[in-house]
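Dear colleague,

Please find below the structure that I am handing over to you.

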Amino acid sequence: MSSRLQAEKVYKVFGGRPEQTVERLRKGADREELRADGVTAAVIDASFTVEPGEIFVVMGLSGSGKSTLLRMLNGLLEPTAGTVSFDGQDLASLTAAELRTLRSRRISMVFQHFALFPHRTVLQNAAYGLEVQGVPRAEREERAAEALALCGLEGWEKSWPDELSGGMRQRVGLARALATDADLLLMDESFSALDPLIRREMQDQLLELQKTLHKTIVFITHDLNEAMRLGDRIAVMRDGEIVQIGTAEDILVRPSDEYVASFTRDVDRSKVLTAAAVMDRSTGGGEAGCDCPTATPDMPFDELCALCARTPHAVEVVDAEGARVGTVSQERLVAVIGDVDADDAVADTDAVADTDAVADTDAVADTDAADGAAKAPAACERHTTGPEGVAA
Ligand SMILES: Nc1ncnc2c1ncn2[C@@H]1O[C@H](COP(=O)(O)OP(=O)(O)OP(=O)(O)O)[C@@H](O)[C@H]1O
Ligand SMILES: [Mg+2]
C-alpha cells in the first residue's frame, strides 16, 4: 500500500527567481544569504511520508515554514521544486478541477481561527463542506449532526456561532472537517488560540476520535508538548528545513542535533516517555519469566518509576501476547531522566553491578536448584547474571 502522502525533495521559494534560488540552495546557499537578496526560502528540501491512520506533527518556531509546507500538501501552493503525492498520485499532474475535487472530498483543513458563518446555525456550519460537495440537505444535516456529536456538541445544533465559546467554535470547525469523510485532515495550529485547559481537552478529543476514525492527520504546532502528545511521528522544522523526523521518544532520547536537543530540554520527560521508550530492547524475546509485577509497553514513565522502586531487580516489559519485549532497570530510569545515553550508561552500570551480583546469584541459583525450583524469573536472572548488553 502506498503512503497517503509523500513529499520528495520539496522546495518553496517566494520572490526573486525561484528556480535559480533552488539551484543556489542545492549548492549550499543558506536562508540568510538569500534573504539579503529579498528572497524567502520558506521550505527547503523537505522529504517525508505520512501513512494512512497516522498523526504526523510538524513542529517548529514561527517562520520555520510549517504553513507553507502544509499548503503544498493539498495543492493550495505549488512546490517550486520536488513533488507531493497523495495516494501515489503526483498533485502536479492533476488539473485545477481535479485538485478542487480532491480538496473538497478527500482533504479537509482546520485552521487556527476557524471562520464560522455568523448567520448559519451550528448544524449548518458543520454541514458546509458537504453543501459544497452538493450532498442533499437531509443527508448532509444528518452527517453533520453525527460529526457534531463526535466532537461533544450534541444539543448545540440549532445554536448560533456567537452563542459558543472559542473552544466550542473550534469544535464546530473540527466537526465540519470530519463530516466530509475526508481521509486526510490538515490542521494548522488548530488548537493554538485556545486556553490551556480547553486546548488539552481538544487534544484528548482528537486522540479519542482518532481511535475510531483512523484519519490521516498532519497537525502543525509550535508547541512541543502538544506535538509530543499528539504525534505518532514528529517532524521538527528549522529555518525551512526538516531537521529530524521521529517519534516523541526519538526526539527526546535521540535528538539529531544540538538544536533539537535544546528544543526538548524543558520537556517533562516523565510525561512523555513510556516503558517501551526507555526499556532495554536487547533483553527482549521469549516469554515473561517473572511472577513479579511486569510493565506494559505503554506504561507511563511515572508508574514505571513506582514499579521499579518496588522491584529489587529489572522490571520486565511484557506485551499483550505475553512476550517479553525488554526490561527496565533502576539505573536505566536514572540515566533517561539525567539525559544520559541510556544504552551507554546502563552498559557501564551493569558491568559494575555484574561482579558483585554474579556471586550472589550463584548462591541463590544453587539453593533454587537444590529445591528443584530452577524457574528463576527471567528479569531477575538477567539482571544478576550479566545481560547481553555488557558484552556489546
Ligand atoms: N505568500 C508568501 N509570500 C512571501 N513570503 C511568504 C509567503 N508565505 C510565507 N512566506 C514566508 O515564508 C516563511 C515561512 O512562513 P510560514 O508561514 O510557512 O511559517 P510558519 O512556520 O507557518 O510560521 P507561523 O508559526 O508564524 O505560522 C516566512 O519567512 C514567511 O514570511
Ligand atoms: Mg503558520
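Among contacts in the protein between residues at least 6 apart in sequence, 69% join residues at least 24 apart; two residues are in contact if their C-beta atoms, placed from the backbone, lie within 7 Å. This is a predicted model, in which local features need pLDDT of at least 70 and side-chain atom pairs count only at pLDDT 80 or more, while totals for chains, interfaces and linings use all residues. Residues are numbered from 1 along each chain as its sequence is written, and chains are lettered from A and ligands numbered from 1 in the order in which they are written.

Overall composition

The protein has 19 helices and 12 strands. Helices (H or I, at least four residues) and strands (E, at least two) are DSSP runs, numbered from the N terminus. Of the 392 residues, 40% are buried. A residue is buried if 20 or more other C-beta atoms lie within 10 Å of its own, exposed if 12 or fewer, and partly exposed in between, with C-beta atoms placed from the backbone.

An open sheet is formed by 6 strands in the order 6-7-8-3-9-10, with mixed pairing; two strands pair if DSSP finds at least two bridges between them. Strand 6 (107–110) and strand 10 (241–246) are the edge strands, each pairing on one side only. On average, neighbouring strands of this sheet are turned by 15° against each other, direction ignored. Axes are lines fitted to C-alpha atoms, for helices over the stretch in contact, and angles run from 0 to 180 degrees between N-to-C directions.

Strand 7 pairs with strand 8 (residues 216–221) in the parallel sense over 5 bridges, and Met187 has Phe219 of strand 8 as its bridge partner. Helix 3 packs on this sheet and touches strand 3 (55–60), strand 7, strand 8 and strand 9 (233–238). The direction of helix 3 makes about 160° with that of strand 8.

Strand 9 and strand 10 run antiparallel and are joined by 5 bridges; the bridge partner of Ile234 in strand 10 is Gly246. The hairpin of these two strands has 2 residues between the strands, and Asp239 in this hairpin takes a positive phi near 45°.

Strand 1 and strand 2 run antiparallel and are joined by 7 bridges, with Ala7 opposite Phe48 in strand 2.

Lys9 has a positive phi of about 45° although it is not a glycine. Most residues other than glycine have a negative phi. With 14 C-beta neighbours inside 10 Å, Lys9 counts as partly exposed.

The residues around ligand 1 are Phe14, Thr40, Ala42, Gly60, Ser62, Gly63, Ser64, Gly65, Lys66, Ser67, Thr68 and His222; a residue is near a molecule if its C-beta atom, placed from the backbone, lies within 6 Å of it. This shell divides into 2 nonpolar, 9 polar and 1 charged residues. Here Ala, Val, Leu, Ile, Met, Phe, Trp, Tyr, Cys and Pro count as nonpolar, Asp, Glu, Lys and Arg as charged, and the others, Gly among them, as polar. Strand 2 (40–50) and helix 3 (66–73) each supply at least two residues of the shell, and helix 3 gives the most, with 3 residues.

Helix 8 is mostly covered, as 11 of its 14 residues are buried. The buried residues of helix 8 pack against strand 6, strand 7 and several helices, among them helix 7 (137–150) and helix 9 (196–213). Helix 8 is followed by Asp181, whose phi is positive, near 65°. Asp181 is partly exposed, with 17 other C-beta atoms within 10 Å.

Asn74 lies in the loop between helix 3 and strand 4 and is buried, with 22 other C-beta atoms within 10 Å. Leaving aside neighbours within four places in sequence, Asn74 is in contact with Arg103, Ile107, Met109 and Leu186. Asn74 and Ile107 are 33 residues apart in sequence and 7.0 Å apart in space, C-alpha to C-alpha.

With kind regards
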